[in-house]
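Please look through the sequence and the structure shown here before reading on. The paragraphs that follow lead from single residues to the interface between chains.

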Amino acid sequence: MFKFIHTADIHLDSPLRGLERYEGAPVDEVRGATRRALENLIDLAGEQEVDFVVIAGDLYDGDWKDHNTGLFFVSQMSRLREAGIPVIVISGNHDAANKMTKSLPLPDNVAWLSHKRPQTANIKKLHELGVAVHGRSFGRAAEYDNLARDYPERQSGLFNIGLLHTSLSGAEGHEPYAPCDIDELRRKQYDYWALGHIHNRYVKNNDPPIAYCGNIQGRHIRETDAKGCYVVTVDDGGDIEMHFHALDVFRWGVCQVGVGGAQRTEDVLERFSSELSKLTRKHADMPLAVRVVVTGRSRVHERLVANPVAWTSDIRATALDITNGSVWIEKVKFQTSPTRDLDSATWTDGPIGELLRYVRELRDNEALLLEVSEDIGDLSRKLPVELTTGADALVLDDPDRLREWLDEVQPLLLSRLVEAIDR
Amino acid sequence: MKILRLDLLAFGPFAGKSLVLERGHHGLHVVYGSNEAGKSSSLRALRQWLYGIPHNTNDNFFHSHQNLRIGGALESAEGQQLECVRRKGRTNTLRGPDDAETVDPACLSDMLGGVDEAMFVQKFGIDYPELRRGGEAVARGAGDLGEVLFAAGAGIADVHQVQSQIESEMRQLFKPGGSKPSINSALRKLKAARDETRQRVVPTSEWVKHEKALRAAEQRQTDIDEQLRDRRATKSKLERIDKALPLIGRRKGLNEQFVGVADARLLPDDFSRNRLKAITEIASTRQIEVDACRMMEKLRADIAKTDVPHRLLEDRAAITRLHTDLGSYRKAAKDRPGLVARLENAEKRAREILLGLSCGLELQHAEKLRISRAQRQRIQSLAGDCKARLDQQRFADQAVHRLRDDVQRVEREKASLPAARGSEELTRSIRRAQKHGDLDRQLSQSRAKLDELETQAEVDLKKLQLWCGTLEELEQLPVPALETIDRFENELADAKSQYKTIAEIVNEMTQRAHQLGRSLEKLCREQDVPTEEDLTQARQWRDTAWQLVRRTWREGWSGDDRAADEFVGKYAPGGDLAQAFQASIDAADAIADRLRREADRVAEKARLTIDRQDVQCRLEEQKQSLASAAEALRQVQAQWRDQWKAVKIDLLSPREMRSWLTQQRSLAHTAEAIRKQRSAVEEVEAHMQSLQQDVYDRLESLGEPVPKECDTLARKLEHCENVVDAIKSENQRRHECETNLRKLCDDLSAAVRDAQIAKSELDQWRIDWERAVARLGLGRDASPNDANSVIESVDELFGVVKESDELRSRIDGIDRDADEFHQSVRAVLAQVAEDLVERPVDQAVAAVYDRLEAGGTAQTKLNSWNAHLESEEVKRNQARAKIAQLEATIEAMCQQAGCTSADDLPVAEERSGRRRDIERELKTVNEQLNHLAAGAPLDEWIVEAQKFNPDTLRADLPRLEEEISELDRRKTEVAEAIGSHRNEFGRIDGSARAAVVHEDAEHFLAGIRSDAEQYVRLRLASAVLRRSIDRFREASQGPVLARAAELFSELTLGSFSGLRAEYDDKDSAVLVGVRADGRQTVGVDGMSAGTCDQLYLSLRLAFLESTLADREPLPFIVDDILIMFDDDRAVAALKALSHLSEKTQVIFFTHHQHLVRLARENLDDDVLFTHKLCGRQEPALHAGSTVRSM
């Protein structure tokens, strides 16, 4: 019987994104989260007395150049060395792009598999256990070749593990690196495929297990819930048991707050408190970054959309009160709708009708929309490049985006104007 | 849609009341209610009937939530009717008229034309706050046409504020050149974080560089270490050889010396010392032997001379005991006479005591007097109790007497207290009075305020010019409204200005006419100026002449042609026709020539002439205008005077009258305040009087006198409180007396009981005492002291008897011991010294003891000498044996050294010593050489060492030294370099410093993102609102503005003739009022607040009218908007509303009776319907008719 840890996508020193600071936010809990998660991994290896660890790529972020990050990784590998635990690593797309990978003085318990050809780790302890770990590192960041195809034949009489950084036949939001399909992997007749690259934990195939273990620490709102690694136990009969162990120190979650039918604005905060308490209980009171999504048809809709900034502050203050500052409200999205239909025939005449017509016109007339939003260019030119590029780029003159904002502007204006009436 | 009836079934202060609004086509329904009559409640009820009762309503103070009901009936434009009742709740809140069956809300919604609550309130309702906000917003927005129209159109009142708020929020987020707004500030922080990250990040290349440098330095260090090792080895070897060379020479010399002593026997190191020791010991032992023999002879002689008394010594124990007992014997003999004397004295004392006791007993029978311990204790205990018993009885008697006195005293005190009285009623009255607070202060404050107001009014009245009547008359003066004064000020100013302007024009024109006349005159005076008429005339003459000439030529000269004559007479008097014709041609040509030549002057004259005619004409017109302006001014002045006719004061200008009116109004207010204050004072006084009477009644019922000297209520109350305190104190005292008396009586009976007990205990003691002292021979009257004295004497007697018994026994003992001692002495002496038997005992014992001492001394000496003799004998024998042993040793040494005699031994010892020295030195040299050879075989090494020349060797060593120190220096340098590289290397320690700052930057980015999104939202919102306002203005300003202009003119009583859009400096459309003359315009900044309100109302009504044209009309609900309008403008507004009521129902709620009056006086009966709301203070009296139509 032996035991090993399957981990990947450590992305050491990668910052947690999208967390806007505010008074009372748990800044200290976020600090160095990826490092602490890695420390948890090493602790787990010791506690579980595993025989070896496999890392399926992406130790670092590709564009992060601080050599200290690599040294920290080395220091953690040294801890495994002291415990007599070998580590088998392959580079992922991020590592291949990072210079650090080549220059690091790795301790002798770490076997970093070649990028030139598939390789089987040559480690005495693995021989003793009867285990063969096959793998191949990425040689370049954008590796579009099928790497799995050339992996060695199964070594009979041994437990064969395939270590691969891949998006298989493609995954949403991920580059199609090292493409291959499940059947191809199955044909290799390995006993376990330890995959990396996709940050969500997912067992693609049960026999043999072909699994993504996900990353060890969520870094933004798209990486929610517990993150960690698999501890895989193989008994003498070759039966495999996989147990997930959370390693993250700070977790991401979405708090859906339904305010349907709420009569008073106080109801919103009450319902939020209740939902947030459920969420924190679910995650055993560990520090959380929470996106709050407020939905439902309610009389309070106008109050919410009239001043989303103030409401966001109120929600943050409430979270601070009930969680004693262990929750960071990442963002509050108001997706509520009014109980009265401001677009209805009631408002077709008069100024409000004119305003609604104008908004409709803007939505349909891109040239007019761009003309109206011309002044936004002042801000657009000043925005840092990190915000204006990438997956969730903030392009202020993108007509689609402008139309989205326009959808928010209409209730904002109407509620402020109607609030003036309701006074 | 029209509201036929509003049923206030159970809502707010109402129960089962109805407001019937069905009369008229639509009708202007004025609903009047004084304050507290429920006007606001009914307004709310109307709205909540149509749109539901809110969850957290406050209108449940009479009726519980579940009982709240509002109902009524509606009629649509098509004549369809709906009757329904609204209840409070979440679902099915709308029911039929029976309040049972539910009604589909859609039916009501259809009746309302789909208008929701917000829109109903906004468009079909107006109240005073909205009017005021609208007016203020118009003024604040400086009449921005778009904003004004947008606001009035939507009923929002303050769209400008919404716009400013959005812009302000935008500026707080971002400004293109700013630094404080949150985005600008976050961008700055982000840049700083980025810079810091760059500084903190350690690139791999740097780490590699340091690593390489470190490895190189470590390699250099290894090389240097190797060279150093080599140099140091060479140096060490040369140094060893240098040290070895002298030793090698020495080794050779020693080997040569060794040959001479090689055959010598090696003797032990201590051989010589042992030999000398043995010889010395033989000599000294021989001396000991001689001394021992001599001592033995002397001791034997002494022993022979000594004699010992053995018999005496055998009885040593008996003699020694006698000698010891002799001391006791002598002391007893000495003590005996003293003891005998003491015995006699004791017996004498005992007899004296017996005598004292006078019991007649002899000494030997004294034992009869002995008392037992129990008897003694009994007597002493009873004696001790004696005082206690007596005291107990005395104290008990005293207590009884004292308590009897106390009882009498308290009874007397109780009898002296007055009868019991109750003070509760008085206390309650005082509390009732006190509950109203400090009424004295209230009264004095109210009075002071009244005085102050009256004084102020008096002063103000004196200051008020033009008036010499009373304040009351002044207050009731029918003065015109301030707005009227404003109007007349404007109108008078306008009329005066108009008159002045026209008069100036007339004056100017007159002057102009004169000026033109003068110019024309001057022109003609200078030279006659031909005119076109002159030329025409000359030409006519010429043509006439030509006709004459032609006729003459054709028909012949007739000679009597009058015309020809006249012509000739004119041009050539005395000449003929030809000459005259020639002259006329010349004349005409001359005029034509002059006209051509003097064209300027001709034209000038023509212009002047025309101008003068024109000016004359216009002057006439202006004079007529002047006359009508003067008439208009007179009319306005007359109207102005008419306004004040009733006041009968000397009228001043409107401006002055406005000031006067302000003062008058202030005085009127003061008068009202005085009235209120006076009634307040009276109210307080009456209140105080009633409270005081109440208190006094209570006092009298208690029989207390009413205080005369107290001036304030507080003092009176204080007096009453004192009375209450006094009554309470009496009652308290009485209560205390009764309590005391009860207690004292209880105590007295207890004390009497105690006294009886004490007496019986004393009697018992007396019986016991008599019985106890009888044993002592005393009677019952004997005191405890008597008893004690007898007991003490008996005790003393038995003490003396006991002492004399002891003395007697000691004397007998002494006598017995002396006899025994005498017999022992005689027995011993008979054994050992018969010669002493006859001597007195004590002397004999001393003598025999002396003899025993002497015999003991002799025995001791003899024993000592015998022991010494034995030891001397042993000493001699030992000396002899040792000598023999030493001599054998010397013999053995000789054999060891190979000598025949002991005398040869020193030579052998000397040779052995020399051999040993050489060997030792050789060994040392060899050891040193071996050490220097460092493990190499010695002989080989010596051979190798001898190959080196010592002089060359000495020269090589310093050179090596230098090389080594140079290498050391380089080694230090390299070590330092390594240290420095390791330091650099150590700084790259895997820390998260860079990552932490990188994280901070992410936080800033996130903040910028959310702020930027909000900024874009606000920016879009601002642009959308601004452009919507512009578009709405463009769409609606035509017809709506025209209607609003008419309404504005009506509402301002013609002070303005209308409204117009104009463009300001920034080319923005602004709204201006047009003055009555149609020319002068006034911006909103020049309008009074009231006029701004009227402007807003005009626009609001105009929009409403325009809306009503297109849709199902809904009732227009007006909540007391006219409270700040003067009567004339209020009438104008009411007329405008009645006009509106032709298109839709108008329901006008008001608190102001005068508005009802004005409406009645000025509006037609078929349009106006008034309703009165009665106050809820009288619901019981007016049940069913609280709301009634009038």
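**From single residues to the interface**

Leu417(B) is placed in the loop between helix H12 (373-416) and helix H13 (424-435) of chain B, where helices (H or I, at least four residues) and strands (E, at least two) are DSSP runs numbered from the N terminus. Although 313 residues separate Leu417(B) from Glu730(B) along the chain, their C-alpha atoms are 7.5 Å apart. Leaving aside neighbours within four places in sequence, Leu417(B) is in contact with Arg733(B), Arg734(B) and Cys737(B), contact meaning heavy atoms within 4.5 Å.

This is a predicted model, in which local features need pLDDT of at least 70 and side-chain atom pairs count only at pLDDT 80 or more, while totals for chains, interfaces and linings use all residues. Residues are numbered from 1 along each chain as its sequence is written, chains are lettered from A and ligands numbered from 1 in the order in which they are written, and side-chain values use heavy atoms, with hydrogens and water left out.

Strand E1 (residues 2-11) of chain B runs antiparallel to strand E2 (residues 14-20) of chain B, and 6 bridges join them; two strands pair if DSSP finds at least two bridges between them. Phe11(B) stands opposite Phe14(B) in E2(B), and in the hairpin, which has 2 residues between the strands, Gly12(B) takes a positive phi near 50°.

Charged side chains come next. Side chains of opposite charge can pair when their charged atoms come close, and a salt bridge is counted here when a side-chain nitrogen of Lys or Arg is within 4 Å of a carboxyl oxygen of Asp or Glu. By this rule there are 123 salt bridges over all chains. One of them links Arg264(A) to Asp267(A), with the closest N and O atoms 2.7 Å apart; Arg264(A) is partly exposed at 37% relative accessibility, whereas Asp267(A) is buried at 12%, where buried means under 20% relative accessible area, exposed over 50% and partly exposed in between (1.4 Å probe, protein chains only). In chain B, Asp99(B) and Arg95(B) meet in a salt bridge at 3.7 Å, N to O. Salt bridges that share partners also join Arg401(A), Glu404(A), Glu408(A), Glu1013(B) and Arg1017(B) into one network.

Leu412(A) lies in helix H15 (residues 399-422) of chain A and is buried, with a relative accessible area of 1%. Not counting residues up to four places away in sequence, Leu412(A) touches Val305(A), Ala306(A) and Ala1021(B).

Overall, 74 residues of chain A are in contact with 73 residues of chain B. The area buried between the two chains is about 6,600 Å², of which carbon and sulfur atoms give 63%; buried area is the accessible area (1.4 Å probe) that two parts lose on being put together, summed over both. Pro351(A), Leu379(A) and Arg416(A) supply 9% of the area that chain A buries against chain B, more than any other three residues.

Across this interface the rule finds 12 salt bridges, and Glu408(A) and Arg1017(B) meet in a salt bridge at 2.4 Å, N to O. H15(A) gives the most to the side of chain A that touches chain B, with 14 residues.
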